[in-house]
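Take a walk through this model with me.

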Amino acid sequence: VLDQKAVMMTATKFYDNQVPGWVETFVKSRQKSIDQKALQLIVEHIGNNLTRIANEVDKMLINIEG
């Protein structure tokens, strides 16, 4: 029964060199932009944990707008 209703998904971890592009795309999806120095700082301090990066960027954007 499970094999009829389940979907198999394979996810690979982002390579470190892919993270800056993902962050830039994520920030653009929020109708904002990010300069290269800020982008570099985020990647250096957070690494390639995309969930954590998304949360931190969202927090920064709230503070910018507030």
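Two residues are in contact when heavy atoms lie within 4.5 Å. Leaving aside neighbours within four places in sequence, Val-57 is in contact with Phe-26, Val-27 and Ile-42. A word on the source: this is a predicted model, where local features need pLDDT of at least 70 and side-chain atom pairs count only at pLDDT 80 or more, while totals for chains, interfaces and linings use all residues. Residues are numbered from 1 along each chain as its sequence is written, and side-chain values use heavy atoms, with hydrogens and water left out.

Now look at helix 4, residues 50–65. Helices are DSSP runs (H or I, at least four residues), numbered from the N terminus. Helix 4 has 16 residues and reaches 22 Å from its first C-alpha to its last. That is close to the 22 Å expected at 1.5 Å a residue; the expected span is 1.5 Å times one less than the number of residues.

Which residues of helix 4 are buried? They are Ile-53, Ala-54, Val-57 and Leu-61. Buried means under 20% relative accessible area, exposed over 50%, and partly exposed in between (1.4 Å probe, protein chains only). These four sit on the same side of helix 4, because they cover an arc of only 95° around the axis. The arc is that of the directions from the helix axis to the C-beta atoms. On the other side, Thr-51, Ile-62 and Asn-63 are exposed. The buried residues pack against helix 2 (19–29) and helix 3 (36–46).

Turn to helix 2. A search of the whole structure finds one aromatic pair. Trp-22 and Phe-26 form it, stacked, at 5.2 Å centre to centre and 10° between the planes. Rings of Phe, Tyr and Trp (its six-membered ring) pair if their centres lie within 6.5 Å; planes under 30 degrees apart count as stacked, over 60 as edge-to-face and the rest as tilted. Both residues lie in helix 2, four residues apart, about one turn. Trp-22 counts as partly exposed because its relative accessibility is 24%. Phe-26, at 11%, counts as buried.

Conventions. Helix = DSSP H or I, 4+ residues; strand = E, 2+ residues; numbered from the N terminus.
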